Amino acid sequence: MPTSALIESDRKHLIHPVASLRAHEARGVTILESGRGAWLRDIDGNELLDAFSGLWCVNTGYGHESIVRVATEQMSRLPYATGYFHFGCEPAIRLAEQLIDKAPKSLRHVYFTLGGSDAVDAAIRYITNYYNATGRPQKKQFIALERGYHGSSSVGAGLTALPVFHQNFDLPLPHQHYIPSPYPYRSESGGDPQAVIAESVAALRAKVAELGAERVAAFFCEPIQGSGGVIVPPKGWLKAMRDACRELGILFVADEVITGFGRTGPLFACEGEGVEPDLMTVAKGLTAGYAPMGAVLMSDEVYQGIADGAGTRAAVGHGQTYSAHPVSAAIGLEVMRLYHEGGLLANAAAQAPRFEAGLRELLAHPLVGDARSRGLLGALELVADKATKRRFDPALNLSEKIASTAYRNGLIFRAFNDNILGFAPALCYTGEEFGVLFERLKKTLDTVL
Ligand code: PLP
């Protein structure tokens, strides 16, 4: 099919995720054709350095033959196995075992989903079930962070605190609440780490007091907020929030859909901070984008509460046809091998200082107010005035302009609201590729100045 016909057909039929539908109809789609390592090629033959790992998911890079091989083998042997009716399959059992082996020790049980949104949704449903099953049906209020993203399921999108996910969707729901984001660059305390942590803990305590601890089910957070603008809280923040939840008698849920699988250095951000959550949601890097899959991991206490509540005869009514899909699970196992024996975690750790230094150097650029990162997750925040941190007028649509200029310069990253540019390079990046990334990024910023 010629490119123009594809674009026309896309315009007519395909609804794109989180797109301004009218703007998309006018602009048309950009069609990607192939990928190898950190590089993508579009349908017009342009070679692009992907500095966002697809959508923070292709942590391994593109074109891994070993992943293709295990997926093909699994498809030939057994393309599908239900998890219903006490059936199962080997790849899913082995992947669950590996996750439990490598996740924080508090987490003992895994439910596989199709992605991150339904992992969050499953977590919400399991938590609701747990409190009902353990005789505390009044514990139904959920707290999350402003600027947080927890997917776009009908309930989970209410824990997401980005306005576009609520507008015209009748969200948030009355039992969904937020506290301010731990945002050092814009904190009232001027970014002092201890003050940022103390403010966050105090906000959580105040919100729980306002709602009544006996009514609060859980606190959900991303260890580093992704779609809200790569907000990197101070080290120690995650632990302080976890400890506060324990003291307040509410469940602590770490949404590691982005931060999991080496993105911030260790396999999980919780591990890097010595944090043991009650539940954890993962997706993206679990299969590195080669097939859809997510998971919710839970503590033995939550699992036993739900299991005892249902007893020996009643089913726990949560499930999907494609839960624990064998091909996705086989891919997950190979991806896990690549992180560890394949050296990807080690490479990411070795390259992270280069990434951090490259972002920091751009602080000298007139547009850049803040540069922040952990591991291979980072952002630049652009401001109209560095002294006052004043943002650019949204009507200028600067982020969009920067992203399209970058594309023309052969670089892909994500431009968020508030002119925050997000970066999530694959864990396979070489030093040379970081050189290309920063050269093209600087050229892009210079052009739009
Ligand atoms: N949670 C977080 C922290 C995310 O970043 C995302 C997606 O970006 C999700 C949940 C939803 O995942 P999915 O897009 O796979 O449904």
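Student: What radius of gyration does the chain have, and what would a compact globule have?
Tutor: The chain has 22 Å, which agrees with the value near 22 Å for a compact globule of 449 residues. That radius is taken over C-alpha atoms, and the globule rule is 2.2 Å times the number of residues to the power 0.38.
Tutor: This is a predicted model, where local features need pLDDT of at least 70, side-chain atom pairs count only at pLDDT 80 or more, and totals for chains, interfaces and linings use all residues. Residues are numbered from 1 along each chain as its sequence is written.
Student: What average pLDDT does the chain get?
Tutor: The average is 97, with 100% of the residues at 70 or above; pLDDT is the predictor's confidence in each residue, from 0 to 100. For the complex, the predictor gives an ipTM of 0.99 and a pTM of 0.98.
Student: New topic: how many residues surround the ligand?
Tutor: There are 15, and the closest are Gly115, Gly116, Ser117, Gly151 and Val257. Near here requires a C-beta atom, placed from the backbone, within 6 Å of the molecule.
Student: And which helix gives the largest share of that shell?
Tutor: Helix α6, residues 116-133, with 3 residues. Helices are DSSP runs (H or I, at least four residues) and strands likewise (E, at least two), numbered from the N terminus.
Student: How many helices and strands are in the chain?
Tutor: The chain has 15 helices and 15 strands.
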